[in-house]
Amino acid sequence: MKILVMNCGSSSLKYQLIDMENESVIAKGICEMIGQDTSSIKHDPITKDVYKAEVPMPDHKKAVSLVIEALLDENHGVLKSMDEIGAVGHRVLHGGKFYSASIVINEDVKRVIRECFDLGPLHNPANLIGIEACESLMPNTPQVAVFDTAFHQTMPKKAYMYAIPYEYYEKYAIRKYGFHGTSHSYVSKRVIDFGKLDPDNSKVIVCHLGNGASLSAVQNGKCVDTSMGLTPLEGLIMGTRSGDVDAAVVQYLANKENLTVDQVLNILNKKSGVEALSGVSSDFRKLDAAAKEGNERAKDAVDSFVYRVVKYIGSYVAAMNGVDAICFTAGIGENDGKVRKMICDSLTYLGVEIDEAKNQVRGEEILISTPASKVKVMIIPTNEELAIARETLALI
Ligand code: ADP
């Protein structure tokens with residue numbers, strides 16, 4: 001069976017068509033700058049030439065129809081008919097407290113996605129448009145919602161409650177939700193398999209370090225804590241997100257700069273993080289190059305990033321009263337051996353010891369700790385699209 005995976009962001013749509021017989025990607029692509037003047041589609045049919053075009057896309061509905069056209073195209077297409085697609089798996093950002101697992105989409109599911117618009121204002125509306133566009137273009141094909149928040153729904157109350165007046169939890173469901181759930185779920189399961197841990201007696205910390213970054217503490221296969229919160233802003237220092245700051249910064253900055261709360265939040269989400277600290281870039285490759293040329297702020301930005309990760313790891317070791325395995329994934333986690341080493345060098349108190357040669361490996365599943373290390377440290381490349389496709393297949 002072929003499964004189409006759709007990931008609608010605020011102004012983008014990423015997709016993959018996966019053949020579940022052998023879990024291979026048949027085609028993948030991205031529509032960017034949706035709703036803006038210069039929208040474009042890049043479609044990669046894997047065994048044929050890549051197709052790129054600038055096409056006006058006023059909304060996600062148009063983007064979905066262009067993806068379908070690309071998949072069916074005589075030259076760069078990979079399908080003869082849309083009937084070949086057995087199901088569509090949609091990544092949905094926020095399922096609030098309602099969903100702890102993926103679900104086949106019906107009117108009720110769409111109502112909940114709509115109810116969660118306030119919690120995911122940039123993504124949930126785009127996700128719903130993507131779902132409705134697919135429904136109208138493929139009315140007989142099952143659609144599945146895979147929520148970014150679902151895996152974290154097993155967190156205990158002590159981990160997800162914010163210590164603010166209780167009525168706001170009751171009235172508005174303000175609490176920690178966590179994100180990157182598909183990745184944390186997929187990777188933590190691989191850690192147990194690959195690291196030969198006991199699924200019912202295991203303590204795992206997953207470090208998903210990409211442009212967006214989050215950690216999760218996974219005990220016996222269930223998430224018990226995670227670093228992102230009500231929104232993806234909380235936790236680690238990220239590419240352009242500040243991560244944890246004193247909430248009073250919002251008021252202080254609003255008053256000093258005469259900004260609205262929304263404007264300050266925009267700064268904390270899009271103009272902060274290592275990009276702001278360094279003044280160079282949100283990309284760790286550029287930070288490394290700048291640091292090598294003597295740029296102190298670039299070096300300091302990476303130091304701050306690493307320090308925050310190390311502090312969170314320490315807090316999750318405390319939360320689980322131990323740790324068996326620590327795993328790195330996503331763009332930085334999979335590729336940046338220097339950052340991995342900096343983090344692990346601060347974990348010698350746990351008996352962590354890594355093999356320098358193995359730590360040079362990029363993008364493959366590998367144990368990078370030495371046999372003497374008290375904690376297994378590994379790299380597990382994340383594959384959110386495949387995880388979504390597997391969940392979708394399991395449900396239909
Ligand atoms: P997201 O999905 O949140 O956009 P990714 O997981 O794709 O993020 O990670 C992207 C980031 O990974 C880049 O911004 C960059 O900082 C980092 N990255 C990618 N490749 C490398 C590399 N070879 N070395 C160091 N960092 C890398």
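A polar contact here is a pair of N or O atoms within 3.5 Å; within protein, one must be able to donate a hydrogen and the other to accept it, and residues adjacent in sequence count only if both atoms are side-chain atoms. Keep in mind that this is a predicted model, where local features need pLDDT of at least 70 and side-chain atom pairs count only at pLDDT 80 or more, while totals for chains, interfaces and linings use all residues. Numbering runs from 1 along each chain as its sequence is written, and side-chain values use heavy atoms, with hydrogens and water left out.

**Stop 1: the ligand**

Select the ligand and then Arg285: an N or O atom in that side chain sits 3.4 Å from a ligand nitrogen. Next pick Gly212, where a polar backbone atom is 3.1 Å from a ligand oxygen. Then try Ile332, with a backbone N or O atom 3.4 Å from an oxygen of the ligand. On its own the ligand exposes 580 Å², and the protein buries 70% of that (Shrake-Rupley accessible areas, 1.4 Å probe).

**Stop 2**

Head for Thr182, Ser185, Tyr186, Lys189 and Glu391, the closest to the pocket centre of its 16 lining residues. The space there is about 330 Å³. A pocket is an open set of points on a 1 Å grid over the protein atoms alone, where a 1.4 Å probe fits, with protein on both sides within 12 Å along at least five of seven lines; lining residues have an atom within 4 Å of a point. The volume is the space filled by probe spheres set on the points. Select α6 next: six residues, the largest share of the lining, come from there.

**Stop 3**

Most residues other than glycine have a negative phi. Ile46 has a positive one, about 60 degrees, in the loop between β4 (40-44) and β5 (51-54). Jump to Asn321, between α11 (296-320) and β12 (325-329), for another positive phi, about 55 degrees.

How values were computed
Helices (H or I, at least four residues) and strands (E, at least two) are DSSP runs, numbered from the N terminus.
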